[in-house]
Amino acid sequence: MSVSVRPTTIALATLGAVTTGLLAYAAYFDHKRRTDPEFRKNLKRESRRIARVAKEEAEAQGANQKRRIRQTVTEAQEEGFPTNVEEKEAYFMNEVGRGEVLCQNEKTHVEAALCFFRALKVYPQPGDLISIYDKTVPKPVLDIVAEMVAFDGSIPVGGFGGGPGSDAGGSTGAVDD
């Protein structure tokens, strides 16, 4: 007489053994954490080290992004911008279209911001365009555009640079006699 074991029985027994092992380890870990002061110190030390490494990586990534933004603005300035009205209009439409497509992907936010920045450079009233961007462009991309405008400094807008009495971005409206 042979005894056959069904596959579901084997699977259930294995699952029970694994679950029991995990629960035993969790109980052991909790007991060790509660009673062993050296173990607690090591856990705290390790969590502080992980937090420090994460903070350093975030700072390095932020510095890298700022460098990349400055580099892209400099490259855009070197390329130049159209001067003819028809060319400006076509350039503006092309750059805004590309920016809208690129801002859909989180990995291409800097490229999208560069497109919006280029469009802003050729737009006749940049302040009006900034208010449109504020309503339509995702915040991470808009923040990068703001950094680009701040680095460039030649775009006379009040939306990023400060409020109505600030001299960030150009003319105060005074006329020289």
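The legends below describe close-up views of a predicted model.

View 1. Tyr-91, Phe-92, Glu-95, Val-96 and Gly-99 are the buried residues shown for α3. Around the axis they cover an arc of only 125°, which means that they lie on the same side of α3. An α-helix has 3.6 residues a turn, so residues three or four places apart point the same way. The buried residues of α3 pack against α4 (109-122) and α5 (126-136), whereas the face turned away from the buried side carries the exposed residues Glu-86, Glu-89, Ala-90, Met-93 and Val-101.

**View 2. The largest nonpolar core.** This core has 27 residues, of which Phe-116, Phe-117, Leu-120, Tyr-133, Val-141 and Met-148 touch the most other members. Two or more residues come from each of α2 (37-79), α3, α4, α5 and α6 (139-152), and α4 gives the most to the core, with nine residues. With residues up to four places away in sequence left out of the count, Tyr-133 touches Val-96, Phe-116, Ala-119, Leu-120 and Leu-142.

View 3. Asp-152 has its place in helix α6, and it counts as buried because its relative accessible area of 13% is under the 20% cut-off. The side chain of Asp-152 is joined to that of Gln-77 by a polar contact of 2.2 Å. If residues up to four places away in sequence are not counted, Asp-152 touches Val-73, Gln-77, Phe-117 and Lys-121.

**View 4. Two cysteines without a disulfide.** A disulfide is a covalent bond between the sulfur atoms of two cysteines. A search of the whole structure finds zero disulfides. For Cys-103, the closest cysteine sulfur is that of Cys-115, and the 9.7 Å between the two sulfurs is too far for a bond, the cut-off for a disulfide being 2.5 Å. Cys-115 is likewise in no disulfide.

Conventions:
Residues numbered from 1 in each chain as written. Predicted model: local features only at pLDDT ≥ 70, side-chain atom pairs only at ≥ 80, totals over all residues. Heavy atoms only, no water. Buried < 20%, exposed > 50% of the residue type's maximum accessible area, 1.4 Å probe, protein only. Helix = DSSP H or I, 4+ residues; strand = E, 2+ residues; numbered from the N terminus. Arc of directions from axis to C-beta. Contact = heavy atoms within 4.5 Å. Core = buried A, V, L, I, M, F, W, Y, C linked by side-chain atoms within 4.5 Å. Polar contact = N/O pair within 3.5 Å; in protein donor to acceptor, adjacent residues only side chain to side chain.
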